[in-house]
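Try each task before reading its solution.

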Amino acid sequence: MNSTEAAQSIVAGLRDAGINFVATLPDINLAELLRAVEEERDFIHVPLCREEEGIGICAGAYLVGKKCAAIMQNGGFFNSNNAIVSTLLQYQIPLLLMIYFAGDVGDRTFGSTGSMTEPVLQALGIRYYVMRDSEDAPELIRRAQILAEDCRRPVALLLTKEVLGRRPALRSL
Amino acid sequence: MGAMQRFDCLKTLSRLAGDALVVSSAGAVTLEWNAARPSDGNLRVRTLGLCSSIALGMALGLPQRKIIALDGDGSLLMNLSSLATLARMKPKNLIHIVFDNEVYEASGKKKTATGEGADLVGLARAAGIQNALWAGSAAEFAQAAERALNGAALTFIGVKVGTERAAVPPYPIDEVENKYRFIRHVEKTEQMVILSTNLPASYD
């Protein structure tokens, strides 16, 4: 899959999972995905200035009946931590966190950000899955949303360059 | 310091708010609003700064309903970028009210940046919120709130208030109960289903 096809596949997965409200902040590796999100008429799309406000915006939308996803880079996930803890976890509010995994194995930049991503998710008790295979993406998104709704907590999907169609998958990863 | 008190403004607002959903910032404003208008349509915010953002999510998700954000200066200063996002999304049903007492009232009354000249209404306007104004008296506040509630435009109202706290009861419920009551209130008043559970697997 190229990045355009991968983006369409992820957006189809979000739609099939019932997502209808999406907050985003760009990363160059998310460019195709965000373009596909913008074009999806079933989504209310909120472009953010800072990721933490997106946690609040999605929490508010959830309380009035929307099913929400927030798409950001892992640096933005770090920016969002106070809101994740004292709003999402404190009130038991589900949210699908779609986090671009900068500093993943083989990335030349953001090594420290990549190194701390999984430990911070673990420390917060947030279940997460590293997405590597474009073919599996829609089904994994659907399952992650079921998990988030049923446990009323955020669930994170780490978007690698492989799943975004920006480099070929390594079967052994 | 201005002669106006926050609780007086909230009592005025409670007579005008109708069935608006109200999000209130971490701090005494939440307790005072609960005393002025007790309702399951009130949501208390615990993350400093997030009041305006939670209200924006509600306003976009439920465009037919009036949403009021009761914010503070310390809170808004922590999330100034929310003003630009509010202006960008322009929800017609959102009224953002900021009680500016120029101190972190719940954190030892240290001065905020508004006490040194930062102008929140100026910042809101510069972010792109055209209907942004200071209410300089109780009458101006009542008039601005009434116009916003009867109108259909994103509105930002700043009010300089004193640092007094009204003698009001503590907030009666915890965060999780607040969430469930709020959602059930929205379901009932909007005649919609938000929370549902699935049948056990044995029914498949």
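Helices here are DSSP runs of H or I with at least four residues, and strands are runs of E with at least two, numbered from the N terminus. Keep in mind that this is a predicted model.

**Exercise 1. Describe the overall build of chain A: what are its elements, and how compact is the chain?**

Solution. Start by counting: chain A has seven helices and six strands. Next, read them in order from the N terminus, which gives α-β-α-β-α-β-α-α-β-α-β-α-β. The radius of gyration of chain A is 15 Å, close to the 16 Å that the globule rule gives for 173 residues, so the chain is as compact as a globular protein of that length. Along the principal axes, its C-alpha atoms fill a box of roughly 40 × 35 × 30 Å. Finally, look inside: 51% of the 173 residues count as buried. Of the contacts between residues at least 6 apart in sequence, 75% join residues at least 24 apart.

**Exercise 2. Find how strands E7(B) and E8(B) pair, and which unit they make with helix H7(B).**

Solution. First locate the strands: E7(B) covers residues 131-135 and E8(B) covers residues 155-160. They pair in the parallel sense, over five bridges. As a landmark, find Trp134(B), which stands opposite Gly158(B) in E8(B).

**Exercise 3. Work out which residues of helix H8(B) are buried, and what they pack against.**

Solution. Begin with the helix itself: H8(B), residues 175-190, reaches 22 Å from its first C-alpha to its last, close to the 22 Å expected at 1.5 Å a residue. To sort its residues, call one buried if 20 or more other C-beta atoms lie within 10 Å of its own, and exposed if 12 or fewer do. By that test Asn178(B), Lys179(B), Phe182(B) and Val186(B) are buried. These four cover an arc of only 100 degrees around the axis, which puts them on the same side of H8(B). The face turned away from that side carries the exposed Glu177(B) and Lys188(B). The buried residues pack against helices H3 and H5 of chain A, together with strand E2 of chain B.

**Exercise 4. Which element of chain A gives the largest share of the side that touches chain B?**

Solution. The contact takes 26 residues from chain A and 28 residues from chain B. On the chain A side, the elements giving two or more residues are E2(A), H3(A) and H5(A). The largest share, eight residues, comes from H3(A).

Key
Residues numbered from 1 in each chain as written. Chains lettered and ligands numbered in written order. Predicted model: local features only at pLDDT ≥ 70, side-chain atom pairs only at ≥ 80, totals over all residues. Rg over C-alpha atoms; globule rule 2.2 N^0.38 Å. Contact = placed C-beta atoms within 7 Å. Pairing = 2+ DSSP bridges. Right-handed = clockwise from strand over helix to strand, strands pointing away. Expected span 1.5 Å × (residues − 1). Arc of directions from axis to C-beta.
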